[in-house]
Amino acid sequence: MSGIFITFEGIDGAGKSTHVQAVAERLRAAGREVVLTREPGGTALAEKLRELVLHAPMDALTEALLIFAARRDHLQQVIEPALQAGKAVLCDRFTDATFAYQGAGRGFDLAVLAELERWVQQGRQPDLTLWFDLSPEVAAQRLAGARVPDRFESQPAEFFRRVNEGYRARAEADPARFVRLDASGTREAVGQAIAAALQARGL
Ligand SMILES: Nc1ncnc2c1ncn2[C@@H]1O[C@H](COP(=O)(O)OP(=O)(O)O)[C@@H](O)[C@H]1O
Ligand SMILES: Cc1cn([C@H]2C[C@H](O)[C@@H](COP(=O)(O)OP(=O)(O)O)O2)c(=O)[nH]c1=O
């Protein structure tokens, strides 16, 4: 069985974590070995970088470099070996998040991000990206009281509107890879849309 790389994307509170497990169970039931991971993070080194990125003040280039450094380690230590071994890798966020948060959200140079993407990923892209498209207002309502906000979650709604539009631009640039989910529906409706998308790809 060949490996498959699926990423989950969307603004904070869009519902990604809620659905990762169900996708894992579906793939396991179909006989696949599944690796569940996340970014920034997924290795000991990348989790240390995650702590810094989420909590230490820094400028935009430093932030982008740390995120891509974490990604490089994650790809080499976890993602690539799992894919070579024929496993399914489910990753809560990947490079589309960098284009959406650092690029569209913070206004960092997209051309520099594209160059870092090329260096770090050497052509590796997810096979499928599930984009949970949700308005910042609904996401904020869902998150209210749910958890302590990190450096990103404490941003104003306008920031998340830009981030969501950043995701839209990435999805429009690569429609074959992306599935846009209307994340404003019930958990059941979103789950059904995900199941349909997986089924359409023979998963
Ligand atoms: N379709 C939905 N309708 C209402 N609440 C939801 C829905 N999906 C998720 N939630 C809730 O919204 C919050 C954020 O969801 P979560 O999956 O943690 O988002 P993310 O991982 O994208 O940040 C959680 O409290 C979750 O239980
Ligand atoms: C992967 C990635 C995440 N982020 C941000 C988005 C999130 O606010 C934060 C952590 O993501 P996430 O794992 O979704 O946090 P949580 O488990 O609290 O939902 O990192 C970036 O800014 N750029 C990136 O490239």
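Me: Which residue's side chain makes a polar contact with the side chain of Arg-71?
Reply: This is a predicted model. Arg-71 belongs to helix α3. Its relative accessibility is 2%, under the 20% cut-off, so Arg-71 counts as buried. A polar contact of 2.5 Å links its side chain to that of Glu-39.

Me: What kind of peptide bond joins Glu-39 and Pro-40, and what is its omega?
Reply: Most peptide bonds are trans. Pro-40 is placed in the loop between β2 (34–38) and α2. The bond between Glu-39 and Pro-40 is cis, with omega about -10 degrees.

Me: Which residues come nearest to ligand 2?
Reply: Around ligand 2 there are 16 residues. By class they divide into 6 nonpolar, 2 polar and 8 charged. The nearest are Asp-12, Arg-93, Thr-98, Gln-102 and Phe-152.

Me: Which atom type of ligand 2 lies 2.8 Å from a polar side-chain atom of Gln-102?
Reply: Asp-12 has a polar side-chain atom 2.8 Å from an oxygen atom of ligand 2. For Thr-98, the distance from a polar side-chain atom to an oxygen atom of ligand 2 is 2.6 Å. For Gln-102, the ligand 2 atom is a nitrogen.

Me: Which element gives the most to the shell around ligand 2?
Reply: Ligand 2 sits in the largest pocket. The elements giving two or more residues to its shell are α2 (44–55), α3 (60–84) and α4 (95–105). The top contribution is 4 residues, and it comes from α4.

Me: Is Gln-122 buried or exposed?
Reply: Gln-122 is found in the loop between α5 (110–121) and β4 (128–133). Its phi is positive too, near 50 degrees. Relative accessibility is 61%, over the 50% cut-off, so Gln-122 counts as exposed.

Me: How much of the accessible area of ligand 1 does the protein cover?
Reply: A backbone N or O atom of Gly-13 lies 2.8 Å from an oxygen atom of ligand 1. For Ala-14, the corresponding distance is 3.2 Å. Arg-142 places a polar side-chain atom 3.3 Å from a nitrogen atom of ligand 1. Of the 560 Å² that ligand 1 has on its own, the protein covers 80%.

Me: Which helix gives the largest share of the shell around ligand 1?
Reply: Ligand 1 sits in the largest pocket. It is surrounded by 13 residues. By class they are 2 nonpolar, 6 polar and 5 charged. The largest share is 3 residues, from helix α1.

Me: What distance separates the C-alpha atoms of Leu-27 and Leu-203?
Reply: Leu-27 lies in helix α1. With a relative accessible area of 0%, Leu-27 is buried. Leu-203 is 176 residues from Leu-27 along the chain. Their C-alpha atoms are separated by 6.9 Å.

Terms used: Residues are numbered from 1 along each chain as its sequence is written. Chains are lettered from A and ligands numbered from 1 in the order in which they are written. This is a predicted model: local features need pLDDT of at least 70, side-chain atom pairs count only at pLDDT 80 or more; totals for chains, interfaces and linings use all residues. Side-chain values use heavy atoms; hydrogens and water are left out. A residue is near a molecule or strand if one of its heavy atoms lies within 4 Å of it. A polar contact is a pair of N or O atoms within 3.5 Å; within protein, one must be able to donate a hydrogen and the other to accept it, and residues adjacent in sequence count only if both atoms are side-chain atoms. On a 1 Å grid over the protein atoms alone, a cavity is a set of points where a 1.4 Å probe fits but cannot get out, and a pocket is an open set with protein on both sides within 12 Å along at least five of seven lines; lining residues have an atom within 4 Å of a point. A molecule sits in a cavity or pocket if more than half of its atoms lie within 2 Å of its grid points. Ala, Val, Leu, Ile, Met, Phe, Trp, Tyr, Cys and Pro count as nonpolar, Asp, Glu, Lys and Arg as charged, and the others, Gly among them, as polar. Accessible areas come from the Shrake-Rupley method with a 1.4 Å probe; for residues, only the protein chains shown count as cover. Buried means under 20% relative accessible area, exposed over 50%, partly exposed in between (1.4 Å probe, protein chains only).
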